[in-house]
Amino acid sequence: MLLKAEKLEFGYKEPLCRPLDFSLASGEVVALIGANGCGKSSLLKTLGGLVPPLGGKVWASSVSLVRMGLTPPETMTVEEFVSLGRSPYSNFLDGRTHEDLLIIHEALAMMDLVGMARKKVVHLSDGERSRVFLAEAIAQQAQVLLLDEPNAFLDIPRSHFLFRTLRKLAEERGLGILVSTHSLEYAERYAHKILSFTGLGNVECALANEARQKGLFDWTEI
């Protein structure tokens, strides 16, 4: 297991759900779904170490929390932003080795950004910028990726590309990926498992091809 939560309680003043037991394995994509305001972002921030848990414990390998709403520096190019993913491995002069440059280029290529490498991130569309944020996380080579609605600004072809890439990263590189999304069709098609805020303080997990019949999508019906 790359990440494990045991009797986890999360929120800011009061827990947003009952104590949660959850694990994320190598090679696994888990889609996190639920209504707006249910606590998906709070859960990701807690698992990523940005917010302390109200109760329980979290064990994790190296984690990268990818948030799409960040505002990059005005002068920073796509390549420079993606290269930030190598900062934890740099020396005190923040130099980049040949290996670093190869990893950065690979991340750019994986997210179809090579042709945009010299463009300023602030000049990109929201959808293009979301791919840059993900490329930066890929360059970190973290074992666990936590993604907060990465396809929120992507069109349909780019959303399929994104989720195919996430599945490929998990299966070929042994990553564990937890991705929140409102796109239930992508969750069912590309994720191995579904983790769902089903309402009334319940969070349930099931295999993606069994989630609907087990009631994990019932909250979508009014």
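A residue counts as buried when its relative accessible area is under 20%, as exposed when it is over 50%, and as partly exposed in between. Keep that in mind for this tour of a predicted model.

**Stop 1: the whole chain.** Show it as a cartoon and you'll find seven helices and nine strands. The radius of gyration is 17 Å, close to the 17 Å that the globule rule gives for 222 residues, so the chain is as compact as a globular protein of that length.

Stop 2: Switch to a surface view. The accessible surface comes to about 11,100 Å², and carbon and sulfur atoms make up 51% of that. As for the inside, 49% of the 222 residues count as buried.

**Stop 3: the charges.** Colour the charged side chains next. You get 24 positive and 27 negative ones, and the centres of the two sets lie 1 Å apart.

**Stop 4: Gln-141.** Select the loop between helix 4 (126–140) and strand 6 (144–148); that's where Gln-141 sits. Most residues other than glycine have a negative phi. Gln-141 isn't a glycine, yet its phi is positive, about 60 degrees. Buried or exposed, or in between? With a relative accessible area of 40%, Gln-141 is partly exposed, because that value falls between the 20% and 50% cut-offs.

**Stop 5: Glu-149.** Move along to the loop between strand 6 and helix 5 (156–173), and pick Glu-149. Here's another non-glycine with a positive phi, about 50 degrees. Glu-149 has 23% relative accessibility, so it counts as partly exposed.

Notes. Residues are numbered from 1 along each chain as its sequence is written. This is a predicted model: local features need pLDDT of at least 70, side-chain atom pairs count only at pLDDT 80 or more; totals for chains, interfaces and linings use all residues. Side-chain values use heavy atoms; hydrogens and water are left out. Helices (H or I, at least four residues) and strands (E, at least two) are DSSP runs, numbered from the N terminus. The radius of gyration is taken over C-alpha atoms; the globule rule is 2.2 Å times the number of residues to the power 0.38. Buried means under 20% relative accessible area, exposed over 50%, partly exposed in between (1.4 Å probe, protein chains only). Accessible areas come from the Shrake-Rupley method with a 1.4 Å probe; for residues, only the protein chains shown count as cover. Lys and Arg count as positive and Asp and Glu as negative; His and the chain ends are not counted. The place of a charge is taken as NZ of Lys, CZ of Arg, CG of Asp or CD of Glu.
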